[in-house]
Amino acid sequence: MARKTDSERLQELEEKMEKMKAQKQQVESRIKQKERKERTKRLIEIGAIFEHHFEITSKEEAEKIAWGFKKIVTNRKEDLSRLSIEELQKQGEKELQKK
């Protein structure tokens, strides 16, 4: 069996590199697609929660409410994230009963 010349070996390595680049692009593409799907799912879930709890019927209404809550949430996000959903629900029910 004849030995390959340096130029033949170089050509083989270049071909392998091209194949590996293509494989890398495919894997990166799958990762990005998965991330996009996860983000879309998350946005839908968050939007559904927002719509449900505030009975939002339009994008404009959601925008107005979001801007209204932005300062409150920004200031209290850390405190709120420490509580469980059940604790927050109880607090909300108590507030409603006061009215």
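Which helix supplies the largest share of the lining of the largest pocket? Keep that in mind as we walk through the model.

A word on conventions before you click. This is a predicted model, where local features need pLDDT of at least 70 and side-chain atom pairs count only at pLDDT 80 or more, while totals for chains, interfaces and linings use all residues. Residues are numbered from 1 along each chain as its sequence is written, and side-chain values use heavy atoms, with hydrogens and water left out.

Stop 1: Select residues 6–54, which make up α1; helices here are DSSP runs of H or I with at least four residues, strands are runs of E with at least two, and both are numbered from the N terminus. α1 has 49 residues and spans 71 Å from first C-alpha to last, close to the 72 Å expected at 1.5 Å a residue (the expected span is 1.5 Å times one less than the number of residues). Now step to Glu 55, which follows α1 and has a positive phi, near 50 degrees.

**Stop 2: the phenylalanines.** Show Phe 50, Phe 54 and Phe 69, which ring pairs link into a cluster. Rings of Phe, Tyr and Trp (its six-membered ring) pair if their centres lie within 6.5 Å; planes under 30 degrees apart are stacked, over 60 edge-to-face, and the rest tilted. The structure holds two aromatic pairs. Phe 50 and Phe 54 have ring centres 5.1 Å apart and planes at 55 degrees, so this pair is tilted. Phe 50 and Phe 54 are four residues apart in α1, about one helical turn. Phe 50 is partly exposed at 27% relative accessibility, and Phe 54 is too, at 37% (buried is under 20% relative accessible area, exposed over 50%, partly exposed in between, with a 1.4 Å probe and protein chains only). Next, Phe 54 and Phe 69 form a tilted pair, 5.2 Å centre to centre with 40 degrees between the planes. Phe 54 is in α1 and Phe 69 in α2, so this pair ties together parts 15 residues apart in sequence.

**Stop 3: the largest pocket.** Select His 53, Phe 54, Val 73, Leu 80 and Leu 88, which lie nearest the pocket's centre among its 23 lining residues. On a 1 Å grid over the protein atoms alone, a pocket is an open set of points where a 1.4 Å probe fits, with protein on both sides within 12 Å along at least five of seven lines; lining residues have an atom within 4 Å of a point. α1, α2 (59–82) and α3 (85–98) each supply at least two lining residues. As for the opening question, α2 gives the largest share, ten residues.
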